[in-house]
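Please open the structure in your viewer and keep the selection panel at hand.

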Amino acid sequence: QVQLVESGGGLVQPGGSLRLTCTAPGFTSDAYAIGWFRQAPGKQREKISCISSSGSGGSTNYADSVKGRFTISRDNAKNTVYLQMNSLKPEDTAVYYCATGYGCYDVGYDIWGQGTQVTVSS
């Protein structure tokens with residue numbers, strides 16, 4: 001059962017930007033940590049970023065591969081989580097997923113979306 005919805009992916013040139021959106025129809029996502037993950041062909045799925053629940057302060061973290069380029073944020077009024085991706089590189093090409101957790105840990109993400117494709121190419 002798909003309970004999260006990712007959107008905003010597409011084709012972008014190197015150095016460009018995209019903003020991914022994670023929406024949670026049917027529940028209030030700010031009660032959960034939300035992680036962003038990506039999976040490229042032939043590679044393991046990796047956690048890119050996470051934002052803790054609003055009750056836990058909404059702290060954020062990033063993988064070294066995206067730190068300084070990507071920003072995760074919430075808009076509680078819209079029940080959405082964003083991933084702003086700047087200075088995109090070809091190696092950022094992957095399917096991007098969001099998922100809920102009870103904290104920004106390496107495991108324990110229970111509700112996932114279907115993913116949105118990001119392709120960075122000239």
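A nonpolar core is a set of buried Ala, Val, Leu, Ile, Met, Phe, Trp, Tyr and Cys residues joined through side-chain atoms within 4.5 Å. Buried means under 20% relative accessible area, exposed means over 50%, and partly exposed lies in between, with a 1.4 Å probe and protein chains only. The model is predicted: local features need pLDDT of at least 70, side-chain atom pairs count only at pLDDT 80 or more, and totals for chains, interfaces and linings use all residues. Residues are numbered from 1 along each chain as its sequence is written, and side-chain values use heavy atoms, with hydrogens and water left out.

**The cores.** Select W36, F70, L83, M85 and Y96. Within the largest nonpolar core, which has 26 residues, these five touch the most other members. At least two residues of this core come from each of β3 (18–23), β4 (33–39), β5 (46–51), β7 (70–75), β8 (80–85), β9 (94–101) and β11 (116–120). Strands here are DSSP runs (E, at least two residues), numbered from the N terminus. Another core, of six residues, lies apart from the largest one and includes F37, Y97, A99 and Y109.

**Strand β8.** Next, select β8, in which five of the six residues are buried. Two strands pair if DSSP finds at least two bridges between them. β8 pairs with β3 in the antiparallel sense over six bridges, and here R19 stands opposite Q84. β7 and β8 also pair in the antiparallel sense over six bridges, with L83 as the bridge partner of I72.

**Two loop residues.** Most residues other than glycine have a negative phi. Select N79, in the loop between β7 and β8; its phi is positive, near 55°. Then move to S87, in the loop between β8 and β9, where phi is near 50°. S87 counts as partly exposed because its relative accessibility is 40%.

**The aromatic cluster.** Finally, select F37, Y97, Y109 and W112, which form one aromatic cluster. Rings of Phe, Tyr and Trp (its six-membered ring) pair if their centres lie within 6.5 Å; planes under 30 degrees apart count as stacked, over 60 as edge-to-face and the rest as tilted. How are the rings of Y97 and W112 arranged? Their centres are 6.3 Å apart and their planes stand at 75°, so the pair is edge-to-face. Y97 is buried at 17% relative accessibility, whereas W112 is partly exposed at 24%.

A charge sits over a ring if NZ of Lys or CZ of Arg is within 6 Å of the ring centre and within 35 degrees of the ring normal. R45 lies over the face of Y97, at 5.8 Å from the ring centre, and over the face of W112, at 4.6 Å.

Conventions: Helices (H or I, at least four residues) and strands (E, at least two) are DSSP runs, numbered from the N terminus.
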